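Dear colleague,

I am passing on the structure below, followed by some notes on what turned up when I went through it. Please read the notes with the structure open beside them.

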Amino acid sequence: MSVDVAADRRFMQAAIALSERGRGLSTPNPNVGCLIVRDGIVAGRGWTQKGGRPHAEAQALDQALDRAQGATAYVTLEPCFHLSARGPRCADLMARAGISRAVIALRDPDPRTDGQGADHLRAHGVEVEMGLMAQEAAAAMRGFVLRQTLGRPAVTLKLGLSLDGCIALADGTSRWITGDAARAHAHMERARHDAILVGGGTLRADAPRLNVRIAGLEGRSPRRLLLSRLAAPAGWEHIARPEDIAALSGVDHLMVEGGAETAAAFLRADLVDRLLLYRAPVLIGAGRAGVGDIGLADLADAHGRWRLADERRLGEDRLEVYERTRSA
């Protein structure tokens, strides 16, 4: 079978984009994307649905029906192989549907599958290719990957800053540093996370709702978490220290929004994987810094830890997205 590498990348890129639709909804399952392509035409597409079912592959195969026979499946994660009371194994579904080729981005780090799904497909005569755009697929499913490898959710730290790094005036006034476009983008980010966290100071000062205030996405408001030594109020969940996020059930993507000491606590614990810096074109001067003491003793240790992944204009403001660079 001749392989069109450019077409493979194009279809896999589309599958990864589909996977992003399930982020913040699919937990405890990974937010997978899948395309079924026959003769260069998309016959079915799917992404993991709310609560983890149906899986992306099942949804795409249901759309494709008999057009799946002899088709190529592009899937961002190795099809599951473990038995579950919630639904059939995707490796079985794909083999029974008559898929002739499976292009898989990322091998499943879950030991219940971990290569077995691909082996099952090969045993049923399916040509399997693994590794295309694996890094991009892993980034889209960062929460699931980190839960499997590090035992905790992926953490995004969001900061709305002035040009000189302040989040508020000296008296604590902070509404609004950034403009409408930046705030709308931040609400979109909330919708892509399972939970959102602030510290006790932010809760007392701002009484934040932490919901998604975009028409049509209100139902994607994340769970609200409080980092504090005190109990959480009604409608909130409590953790006493950043490391406690490992024990959170049903949270693979966590967003940290405030304030300076909470941000510093997560940075000191090296639990931040992604930074969202919304910078407004204003100078505050003697205001409140965006981040407290992170325990840095040597300036040399600050270098090489963050990689600029994206930047864009949002109205008058500017967004910078940084990712933590790690050896493993």
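Between domain 1 and domain 2 there are 3 salt bridges, in what is a predicted model. R147 forms a salt bridge with D252, and the closest N and O atoms of this pair are 3.3 Å apart. Polar contacts also link the two domains, with 13 residue pairs counted. On the side of domain 1 that touches domain 2, α1 (5–21) and α6 (142–149) each supply at least two residues, and α6 gives the most, with 5 residues.

As for the division itself, domain 1 covers 5–147 and domain 2 covers 152–324, and the contact draws on 14 residues from domain 1 and 20 residues from domain 2. Together the domains bury about 1,400 Å² between them, of which 39% lies on carbon and sulfur atoms. Of the area that domain 1 buries against domain 2, 47% comes from R23, R142 and R147, more than from any other three residues.

A separate point concerns H55, C80 and C90, which an unreviewed UniProt entry annotates as "binding site"; although they are spread over 36 residues of sequence, they cluster in space, with a largest C-alpha distance of 9.2 Å. H55 lies in the loop between β2 (41–47) and α2 (56–64), and it is buried, with a relative accessible area of 11%. C80, found in the loop between β3 (72–77) and α3 (90–97), is likewise buried, at 8%. Leaving aside residues up to four places away in sequence, H55 touches N29, T48, C80 and C90, while the contacts of C80 include H55, C90 and T113.

With best wishes

Conventions
Residues are numbered from 1 along each chain as its sequence is written. This is a predicted model: local features need pLDDT of at least 70, side-chain atom pairs count only at pLDDT 80 or more; totals for chains, interfaces and linings use all residues. Side-chain values use heavy atoms; hydrogens and water are left out. UniProt positions are given in the numbering used here, feature names are shortened, and annotations may be inferred rather than shown by experiment. Helices (H or I, at least four residues) and strands (E, at least two) are DSSP runs, numbered from the N terminus. Buried means under 20% relative accessible area, exposed over 50%, partly exposed in between (1.4 Å probe, protein chains only). Contact means heavy atoms within 4.5 Å. Domain bounds come from an automatic or database domain assignment. Buried area is the accessible area (1.4 Å probe) that two parts lose on being put together, summed over both. A salt bridge is a side-chain nitrogen of Lys or Arg within 4 Å of a carboxyl oxygen of Asp or Glu. A polar contact is a pair of N or O atoms within 3.5 Å; within protein, one must be able to donate a hydrogen and the other to accept it, and residues adjacent in sequence count only if both atoms are side-chain atoms.
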